[in-house]
There are 2 protein chains.
Amino acid sequence: MTVLYHAPLSPFCRKVRLTLSEKRIDTDLQEERYWEKSPDFLRRNPLGKVPVLRIDGLVMSESQAICEYLEDVYPTPSLLPTDPRERYEVRRIVGYFDDTFHREVTVKVLGERITKKLTGAGYPDSRLVKEGVTRIKVHLDYMAHLLDHRRWLAGDVMTLADFAAAAQLSVLDYSSDVDWHRQPGVKDWYAKIKSRPAFRGLLADQVVGFPPPPHYADLDF
Amino acid sequence: MTVLYHAPLSPFCRKVRLTLSEKRIDTDLQEERYWEKSPDFLRRNPLGKVPVLRIDGLVMSESQAICEYLEDVYPTPSLLPTDPRERYEVRRIVGYFDDTFHREVTVKVLGERITKKLTGAGYPDSRLVKEGVTRIKVHLDYMAHLLDHRRWLAGDVMTLADFAAAAQLSVLDYSSDVDWHRQPGVKDWYAKIKSRPAFRGLLADQVVGFPPPPHYADLDF
């Protein structure tokens, strides 16, 4: 049985969940309180990070390495094109969301507002929250610029790039931190990806003490 | 002509430089004062990050997307195995160095000590430097654990994983922040990679105001 050790509001876990689900790989989800660093969990990943995926007799970590493995071994449906230039563009956008977007927005907004309280790491730093809230605008505008001449973020088909972006935006939407009115093109794209069967699990997530807003699971938001 | 816009002490630029050089792709290196955000540079990469690679009529960013593209289009010599499990292991280690190692060590040590001064971002925070200096020990021990039963970090052949790791360690070695006595296995591995022709350019780097220690370019360190 394939098992994913995850945290509901981790965008990296969500990227892997979307990929597993889109590829119809039946997976048992185990919620991991990774900040408690239980001996069992540290045995699975000494770095103490989620996601950790148990599949094909392997225990895997690092979300992008996991997604590339799933693409190599479970190629249908494909989430990475075959043309090297198109593959590059997908990986560029994945890197942009996993690194820059996450660091400039998700860590500052969700990390300060929710993760800190959840993990007992102290009180939010309002200066950082404000920086993140300002910065997300630039990134929504950049997404709109990409979507202006493409159906999906990296081109005309849905790829890992869309999952990497939707993973970050969906956790920020859980804390009502995405202004969907700013860029109608980005809202249309999110509505399209939100209505996919692979997204259902994410929309059912509930974190105790932090209920999502009503629009979070609404396909017509 | 292939052009790489880079900063000498950026580990991500170094990972790409090693890959280009190992694949014998003749490249013109242009040093970029990325923190000055010149209009020309922002046109090449609106995010204002290095490396930026101009190749095959494309302007590319995001170091890992660049390395995967180079592997797709210039497969000789190969830096990524063909077996999916081995590919996973390479990408896991690349992710580990690009993300965790960089965030826990390089940003705190080199970022505080050198990058801050270089870019005019203020004075080093000695608490962060201390955290990084403590944390590198854990990572050197983990590398020793990997190298205990492998010739290279991800297996028996040299791969992108070795370049990702050597890129981080080489910038820390530039500021004398690697204790090579701690793990002889790691020192042997670094001696091996340091003696490759692809490494020569890195060893010739000089940052004005921050001369490297004598052992930095010494193959017999």
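Predicted model: local features only at pLDDT ≥ 70, side-chain atom pairs only at ≥ 80, totals over all residues.
In chain B, four strands form an open sheet with mixed pairing. Their order is E2-E1-E3-E4. Strands E2 (27-31) and E4 (58-61) of chain B stand at the edges. Each has a single partner strand, so one side of each is left without a neighbour in the sheet. From one strand to the next, the twist averages 20°. Strand E3 (residues 52-55) of chain B pairs with E4(B) in the antiparallel sense, over four bridges. Within this pairing, B:Ile55 has B:Leu58 of E4(B) as its bridge partner. Helix H1 (residues 11-22) of chain B packs on the sheet. The helix touches strands E1 (2-6), E2 and E3 of chain B, and its direction makes about 155° with that of E1(B).

In chain A, helix H4 (residues 84-118) packs against helix H6 (residues 160-174) at an angle of about 10°. The axes lie 8 Å apart. H4(A) is therefore roughly parallel to H6(A), as the angle is under 35 degrees. H4(A) contributes residues including A:Phe97, A:Phe101, A:Val105 and A:Val109. Among those they meet in H6(A) are A:Leu160, A:Ala164, A:Leu169 and A:Leu172. The residues of this contact divide into 15 nonpolar, three polar and one charged.

B:Thr100 lies in helix H4 (residues 84-118) of chain B. Its relative accessibility is 2%, so B:Thr100 counts as buried.

Terms used:
Residues numbered from 1 in each chain as written. Chains lettered and ligands numbered in written order. Heavy atoms only, no water. Helix = DSSP H or I, 4+ residues; strand = E, 2+ residues; numbered from the N terminus. Buried < 20%, exposed > 50% of the residue type's maximum accessible area, 1.4 Å probe, protein only. Pairing = 2+ DSSP bridges. Axes fitted to C-alpha atoms, helices over the stretch in contact; angles between N-to-C directions. Contact = heavy atoms within 4.5 Å. Parallel < 35°, antiparallel > 145°, perpendicular 65-115°, else oblique. Nonpolar A, V, L, I, M, F, W, Y, C, P; charged D, E, K, R; others polar.
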